[in-house]
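Please walk through the structure below with the text alongside. The paragraphs take up local backbone features, then the sheet, then the packing of helices.

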Amino acid sequence: MTTLRRAAAVALTTATLAATLLAPTSTASAEQVPLPVGPTSYSADGRYAVGERTMTLPSGVKVEVWYPARKKDVVGQPEGSYDVVDWIPSIYNIPDGASVPYPSGGVRGVPVAKGRFPLVVFSHGYAGFRTQSSALTAAIASWGFVVAAPEHPSRNLTRVLPSNAPPATTTDVEDLQQAISMVGKANGAKRSWLFGHVNMKQIGALGHSAGGRAVESLASVDKRVDTFIGMAPGHDAELAPVQKPSLVLAATDDEIITLDRIEAAYDTFAAPKRIVLFGGGHLLFSDLCDIGESDGGLLAVAELLGFPVPQSLIRLATDGCIAPALEPSVALPAVQHTVIAQLRRVFGLDPTDAAFDGLVEAYPGVVSDSRSAQ
């Protein structure tokens with residue numbers, strides 16, 4: 001899964017860790033790392049290669065799944081990709097052969113590595129799509145997690161791109177619950193490619209923007225979910241504080257869901273909780289700033305393809321993508337480390353909070369604050 005977009009992640013390596021003792025064993029097969037764990041331990045890819053498949057819920061909703069694979073099974077095989085054109089509504093007359101591809105992070109169809117891995121469900125943002133944060137979701141899988149990202153047809157790009165699209169009742173929590181149930185069913189089916197590979201007793205939920213609100217809501221109603229992580233998250237003010245560990249990642253220059261709104265929501269969360277502040281804008285936690293970058297970005301691509309972007313979506317499509325905003329590729333090592341550290345801590349793979357110590361010093365110009373309440 002080595003790509004140019006992950007060059008920054010590879011540059012930050014755990015090679016400086018001197019000790020060779022392994023972390024305590026667990027019923028999960030997520031990767032064990034040398035102690036002592038520090039603030040860059042999970043900033044590069046883990047030891048697994050990454051496989052990728054698309055599953056389908058009974059409702060017809062697609063679910064993208066990234067999972068640990070053996071490196072020998074991906075040698076010589078191309079990394080998968082997705083095409084943004086697939087989400088452009090059919091009402092637009094897109095030129096034949098038009099394509100806006102982007103790496104999706106995994107090698108399609110390879111076997112799952114030996115072991116049982118915790119499950120992470122991912123919820124995309126408003127006007128997003130299930131593969132919108134593939135650099136991050138694939139990196140999580142490389143550390144020994146199965147990541148399942150359902151499409152949210154009630155608020156994905158296809159639904160909201162037409163300016164006259166009627167409002168839809170959000171079904172994102174149901175999409176996430178059904179994705180968990182589908183993975184659980186596949187895990188128990190002897191003829192399934194996932195049979196016996198998922199630890200259904202360890203489940204985390206990760207979401208961006210509207211997806212952050214969705215995973216908070218999911219954690220409030222689904223006992224299967226152990227922790228939720230919101231990246232530039234929305235928040236339901238009517239929701240009672242969820243009594244589960246949480247992590248909030250916020251972008252200090254976000255003009256879509258501003259820092260003061262996120263801080264106010266975080267103040268209502270129940271402990272244990274943690275918040276980490278990053279430079280950059282709203283799309284820092286996605287691939288969206290990099291898609292079509294060689295052609296001038298998403299808005300320029302839309303113009304080239306000949307379809308209008310509603311005024312209401314222009315800010316959303318560019319927040320955090322225009323210089324001098326911090327580039328998402330620069331922040332990715334810190335983002336992935338922090339997310340993986342939260343998952344490992346909650347699942348008992350790391351015995352202490354040491355992975356969160358020194359984040360500001362380890363990522364100068366990227367992380368400006370990190371604090372928690374126990």
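**A guided reading of the model**

Pro272 lies in the loop that runs between helix H6 (259–268) and strand S11 (273–278). The model is a predicted one, and in it the peptide bond joining Ala271 and Pro272 is cis, with omega about 5°. A cis bond also leads from Ala323 to Pro324, where omega is near 15°. Pro324 belongs to the loop between helix H8 (311–318) and H9. As background, most peptide bonds are trans, and most residues other than glycine have a negative phi. Ala127 sits in the loop between S6 and H2.

Arg130 makes a salt bridge with Glu151, and the closest N and O atoms of the pair are 3.0 Å apart. In total, the structure holds twelve salt bridges.

Next comes the sheet. In general, the strands of a sheet pair through backbone hydrogen bonds, and the pairing is either parallel or antiparallel. Here, ten strands form an open sheet with mixed pairing, in the order S5-S1-S2-S7-S6-S8-S9-S10-S11-S12. Strand S5 (107–108) and strand S12 (367–373) are the edge strands, each pairing on one side only. Within the sheet, strand S6 (residues 117–123) runs parallel to strand S7 (residues 146–150), and the two pair over three bridges. Val120 has Val147 in S7 as its bridge partner. Helix H5 (residues 210–221) packs on this sheet and touches S6, strand S8 (198–208) and strand S9 (227–231). The direction of H5 makes about 145° with that of S8.

H5 also packs against another helix. Two packed helices are described by the angle between their axes and the distance between the axes. For helix H4 (residues 172–188) and H5, the axes come within 9 Å and cross at roughly 60°. This crossing is right-handed. On the H4 side, the contact is made by Asp172, Val173, Leu176, Gln177 and Ile180; on the H5 side, by Ala210, Ala214, Val215, Ser217, Leu218 and Val221. Sorted by class, the contact of H4 with H5 has eight nonpolar, two polar and one charged residues.

How do the axes of H2 and H9 lie, and what angle do they make? Helix H2 (residues 134–142) packs with helix H9 (residues 328–346) at an angle of about 45°, and their axes are 10 Å apart. H2 and H9 are therefore oblique to each other. Their crossing is right-handed. From H2, the residues Ala135, Leu136, Ala139 and Ile140 meet Leu332, Val335, Gln336, Val339, Ile340 and Leu343 of H9. By class, this contact of H2 with H9 has nine nonpolar residues, one polar residue and no charged residues.

Definitions and conventions: Residues numbered from 1 in each chain as written. Predicted model: local features only at pLDDT ≥ 70, side-chain atom pairs only at ≥ 80, totals over all residues. Heavy atoms only, no water. Axes fitted to C-alpha atoms, helices over the stretch in contact; angles between N-to-C directions. Helix = DSSP H or I, 4+ residues; strand = E, 2+ residues; numbered from the N terminus. Parallel < 35°, antiparallel > 145°, perpendicular 65-115°, else oblique. Left-handed = near helix turned anticlockwise from the far one by under 90°. Contact = heavy atoms within 4.5 Å. Nonpolar A, V, L, I, M, F, W, Y, C, P; charged D, E, K, R; others polar. Pairing = 2+ DSSP bridges. Salt bridge = Lys/Arg side-chain N within 4 Å of Asp/Glu carboxyl O.
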